[in-house]
2 protein chains.
Amino acid sequence: MSITYPAGFRTGTAIAHRPGGSQRRNLALVVNSGPMDTAVGVFTPNRFRAAPVIWTSRILEEGHAGAVVINSGNANACTGPEGLDQARAMAERTGEQLGLPTEQVAVCSTGIIGHLLHLDSILTGIDQAAQGLSASQEAGEEAAKAILTTDTCTKTVAVDGSGWRLGGMVKGSGMIAPQLATMICVITTDAILEPAQARQALSEACRFSFNRIDVDGCMSTNDTVLLMASGASGVRPDPDQFQEKLGQACADLAHRIVADGEGSRHRIRIRVDGADNEDAALACARAVSGSTLLKCAVAGEDPNWGRVVSSLGTVPAATAAYDPAHVDVSFNGIKVCRGGRPGQDPELVDLHVPEVHIDIDLGQGDSQATVWTDDLTHEYVTINADYHT
Amino acid sequence: MSITYPAGFRTGTAIAHRPGGSQRRNLALVVNSGPMDTAVGVFTPNRFRAAPVIWTSRILEEGHAGAVVINSGNANACTGPEGLDQARAMAERTGEQLGLPTEQVAVCSTGIIGHLLHLDSILTGIDQAAQGLSASQEAGEEAAKAILTTDTCTKTVAVDGSGWRLGGMVKGSGMIAPQLATMICVITTDAILEPAQARQALSEACRFSFNRIDVDGCMSTNDTVLLMASGASGVRPDPDQFQEKLGQACADLAHRIVADGEGSRHRIRIRVDGADNEDAALACARAVSGSTLLKCAVAGEDPNWGRVVSSLGTVPAATAAYDPAHVDVSFNGIKVCRGGRPGQDPELVDLHVPEVHIDIDLGQGDSQATVWTDDLTHEYVTINADYHT
């Protein structure tokens with residue numbers, strides 16, 4: 001169940017590698033057959049924005065697109081005007097195949113930075129993918145597979161609304177930072193959705209999902225989340241229900257990214273309670289989720305609360321008010337730190353489980369925030385020392 | 001050549017472990033025999049300040065101390081009022097042995113967080129160390145060894161001024177953050193130095209040394225740098241020369257910490273040029289030095305400039321002005337990124353060397369800043385997954 005779950009969407013995939021490269025499918029088209037062509041996006045705030053991000057953010061200003069073309073393996077980032085020409089060429093060829101204006105085609109790329117695309121292979125791949133377009137569930141699964149890089153599994157979602165459907169796919173497992181991630185996400189719906197509503201709903205959904213995960217604190221140049229609406233269900237959704245379902249879908253996909261974090265063996269949920277306001281709680285949660293030492297401790301199944309509080313201690317008082325002598329920390333429900341001092345016996349904590357819950361109470365106010373991350377293992381180092389330019 | 005290199009200082013060491021613990025020496029005394037007793041410190045800005053940091057920063061307010069007692073293995077951090085009582089007890093026993101008021105004894109601790117000390121062993125250790133005080137070079141080396149935790153080697157320095165000397169020792173290899181580090185550093189001099197001058201000189205020296213290194217971005221609860229002056233040379237140093245020599249000594253010790261970074265195989269010097277001002281250059285250098293992905297790439301000997309620019313891109317424009325299209329990046333002199341795009345062939349870069357120089361030119365102004373870090377290896381993960389509470 002993926003992006004072809006809602007009515008009005010077809011996908012096609014192809015192998016678009018430079019000669020001699022791997023034979024994995026690495027190119028996907030997602031086509032919206034309408035009747036609507038709403039399409040909005042949320043993009044990386046990185047100042048080195050990749051060519052496809054520049055292209056796609058520009059053409060989606062009015063909130064319309066008929067298709068998106070995605071390649072994996074090469075991010076077409078830091079490639080200057082030539083890279084932008086290449087992104088445009090991908091849109092143009094896709095448009096020719098589908099009978100769409102070039103400006104109606106969004107482009108996403110993910111992979112290594114600083115290399116121009118092998119454009120001939122990509123254009124041939126677009127032709128092939130366009131020949132094989134299908135609305136089948138299998139085609140949706142193939143597309144979810146074709147966008148992966150270091151991911152170890154596909155990540156898809158399918159959600160039912162009242163008379164309408166929502167589907168999604170995402171790739172991402174490393175270079176996952178507090179603000180989006182090295183991720184490409186496409187969400188489709190057959191609900192009737194105008195661009196303004198779509199834009200607002202997507203922004204809100206990202207805030208509590210993709211913007212609350214952190215695998216390695218590294219923000220990418222290519223992060224893109226697209227929401228496309230075909231209107232093919234003929235149903236105009238209840239706005240609250242749509243927001244809720246979209247939020248669920250994004251959170252679900254975000255958690256799958258963390259679960260597939262490069263080399264990860266434990267998902268870590270960091271929840272900060274008792275803050276004066278949500279921003280303060282979030283700053284504390286992010287400080288903890290960014291601790292390399294804590295992530296290593298969890299890999300070693302050690303409930304090392306010292307590494308939690310030493311990270312908390314780096315948050316300036318102006319950002320988050322709290323008294324260190326009133327801070328509690330629990331690992332999976334065992335309060336190992338009480339009032340900034342040793343609490344229950346850490347031996348009581350069992351971290352031989354796939355999901356670790358670190359709950360922090362600042363003892364200050366009533367606001368909370370949650371961030372997800374994962375542990376830092378030998379496999380992460382191997383993956384990122386060996387994934388060469 | 002260590003802290004006993006200048007005249008007027010004696011050290012003693014002891015084994016102060018809980019019963020059944022390791023038999024490594026883990027306690028050191030440093031005693032200033034005068035005639036002066038100037039002592040100033042720079043301390044971690046972490047809000048969870050360990051008991052010895054609270055104690056020592058308080059007693060050094062006037063700039064005087066006759067001795068410092070240091071234990072390794074247990075940081076006496078997050079231990080509440082009992083921990084503060086223990087730090088005070090260490091100072092008291094040391095004072096009794098040396099004939100000093102309790103408030104004349106600085107205390108430093110390093111090691112695991114969240115455990116009270118095994119105080120009986122520590123106090124017995126203080127008695128033993130006081131019996132064996134010596135001004136020999138060997139005694140200085142023993143002290144440098146006794147303060148280590150996960151360090152693989154001692155880190156000491158000895159510098160000559162005009163008629164005066166300076167010596168130093170430091171421990172630290174993990175939990176090393178942009179602002180100081182999990183480090184204890186003691187610097188001694190026989191120059192005549194008043195507290196005010198000592199304080200200003202130490203602060204300035206730290207700014208460009210210990211505050212410019214980053215092993216894992218994790219700020220500790222116990223960081224302390226002490227400067228003690230005996231005046232035993234009878235020489236009042238030229239202030240500029242003293243500042244220069246002290247700065248050299250601190251930079252030298254800081255680089256040794258990076259060189260001994262947990263699991264590290266490459267030192268990485270990140271220099272940012274062409275910034276509008278030093279703060280902008282420093283923010284960019286720190287963003288790059290904090291990239292887990294880049295540190296893995298260097299471990300894999302891959303000159304991955306994409307991971308450099310994607311980190312640069314996270315620095316807000318308000319913090320550091322630059323145009324991504326004017327940014328150059330070199331690895332060991334090979335300009336692999338020119339104007340935000342591919343430059344020289346990365347194959348020309350040889351990273352099979354112990355020190356990697358990443359030079360970034362923002363193409364904006366004339367200011368620069370340099371930060372040192374190291375690579376992220378399997379060994380780092382092993383050390384920090386296995387170093388349990």
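In the predicted model, helix α2 of chain B spans residues 80-98 and holds 19 residues. Its first and last C-alpha atoms lie 28 Å apart, close to the 27 Å expected at 1.5 Å a residue. The buried residues of α2(B) are G83(B), Q86(B), A87(B), A89(B), M90(B), A91(B), T94(B) and G95(B). Their cover includes three strands of chain B, β2 (27-32), β4 (67-74) and β5 (105-112). Helices α1 (51-59) and α3 (119-131) of chain B also contribute to this cover. Just after α2(B), G99(B) adopts a positive phi of about 70 degrees.

The two chains form an interface. Contact involves 54 residues of chain A and 55 residues of chain B. About 4,500 Å² is buried between chain A and chain B, with 62% of it on carbon and sulfur atoms. On the chain A side, R47(A), F48(A) and L293(A) lose the most area to chain B. Together they account for 18% of what that side buries.

Polar interactions also cross the interface. Between chain A and chain B there are 13 residue pairs in polar contact, both residues being at pLDDT 80 or more. The salt bridges between the chains number 2. One of the side-chain pairs meeting in a salt bridge is E82(A) with R341(B), at 2.9 Å from N to O. The side of chain A that touches chain B draws two or more residues from each of α2 (80-98), α8 (292-299), α9 (305-312), β14 (341-342) and α10 (378-386) of chain A. By residue class, this side of chain A comprises 28 nonpolar, 20 polar and 6 charged residues.

Terms used. Residues numbered from 1 in each chain as written. Chains lettered and ligands numbered in written order. Heavy atoms only, no water. Contact = heavy atoms within 4.5 Å. Buried area = accessible area lost by both parts, 1.4 Å probe. Salt bridge = Lys/Arg side-chain N within 4 Å of Asp/Glu carboxyl O. Polar contact = N/O pair within 3.5 Å; in protein donor to acceptor, adjacent residues only side chain to side chain. Helix = DSSP H or I, 4+ residues; strand = E, 2+ residues; numbered from the N terminus. Nonpolar A, V, L, I, M, F, W, Y, C, P; charged D, E, K, R; others polar. Expected span 1.5 Å × (residues − 1). Buried < 20%, exposed > 50% of the residue type's maximum accessible area, 1.4 Å probe, protein only.
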